[in-house]
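Thank you for making time this morning.

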Amino acid sequence: MLGISYGELFLLLGATAALIGPKDLPIIARTTGRFAGRSIGYVQLARGQFESVMQQSQARQVHKDLQDTIAQLEAIRHEIRTISFMNPGPMTSRLVDSINTAAANNVDEAKGSDIVLEAILEAEVANNAKEFFSQPQNQLKSD
């Protein structure tokens, strides 16, 4: 503790007690204890405020990281949509043609075959995205 051994500490306490005298020793000990308690309280308060600030900064960092991740996901989503419309597969073409035909006939009801085609389209888009991102030049760079 501060480079003072227990023997040196007891020697200092004994010398202080001899200089002050037994009459004033309880008063000085009480005052010293109060000051020590207050200083410990101030240190704990400062430590708590420091930890609070650190938690807030960590929360801000996590929030910023989440926003960055969401922005990256939106960019990927946009690229996937662009790829699927630029390089449509046979099922995509069929679905787009069926949508155009339905729009021309003013049919607003969804049929079972349309739902199946939409599911196949989503699978095809996912497969195109998987192929696109499996190429080394298109892989995301992690920090």
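Predicted model: local features only at pLDDT ≥ 70, side-chain atom pairs only at ≥ 80, totals over all residues.

What percentage of the 143 residues of the chain count as buried? The answer is 10%, where buried means under 20% relative accessible area, exposed means over 50%, and partly exposed lies in between, with a 1.4 Å probe and protein chains only.

Residues are numbered from 1 along each chain as its sequence is written, and side-chain values use heavy atoms, with hydrogens and water left out.

Let me start with the overall layout. The chain has four helices and zero strands, and in sequence order the pattern reads α-α-α-α; helices here are DSSP runs of H or I with at least four residues, strands are runs of E with at least two, and both are numbered from the N terminus. The accessible surface of the chain comes to about 12,100 Å² by the Shrake-Rupley method with a 1.4 Å probe, where for residues only the protein chains shown count as cover, and 61% of that surface belongs to carbon and sulfur atoms. If we take the contacts between residues at least 6 apart in sequence, 60% of them join residues at least 24 apart, a contact being heavy atoms within 4.5 Å.

Now to helix α1, which covers residues 6–20. Its 15 residues reach 21 Å from the first C-alpha to the last, close to the 21 Å expected at 1.5 Å a residue, the expected span being 1.5 Å times one less than the number of residues. This helix is hardly covered, since the count of buried residues in it is zero. Tyr-6 lies in α1 and counts as exposed because its relative accessibility is 65%. Together with Phe-10 and Leu-13, Tyr-6 forms a nonpolar patch on the surface with about 410 Å² of accessible area. Patches are made of residues with over 30% relative accessible area and no salt bridge, with like charges joined within 9 Å and nonpolar side chains (Val, Leu, Ile, Met, Phe, Trp, Tyr) within 5 Å. After α1 comes Gly-21, whose phi is positive, near 100 degrees.

Ile-76, in helix α2, is buried because its relative accessible area is 17%. Ile-76 and Ala-129 are 53 residues apart in sequence, yet 9.0 Å apart in space, C-alpha to C-alpha.

Finally, the structure holds one salt bridge, that is, a side-chain nitrogen of Lys or Arg within 4 Å of a carboxyl oxygen of Asp or Glu. Lys-64 forms it with Asp-68, with the closest N and O atoms 3.7 Å apart. Both residues lie in helix α2, four residues apart, about one turn of the helix. Lys-64 counts as partly exposed because its relative accessibility is 43%, and Asp-68 is partly exposed as well, with a relative accessible area of 37%.
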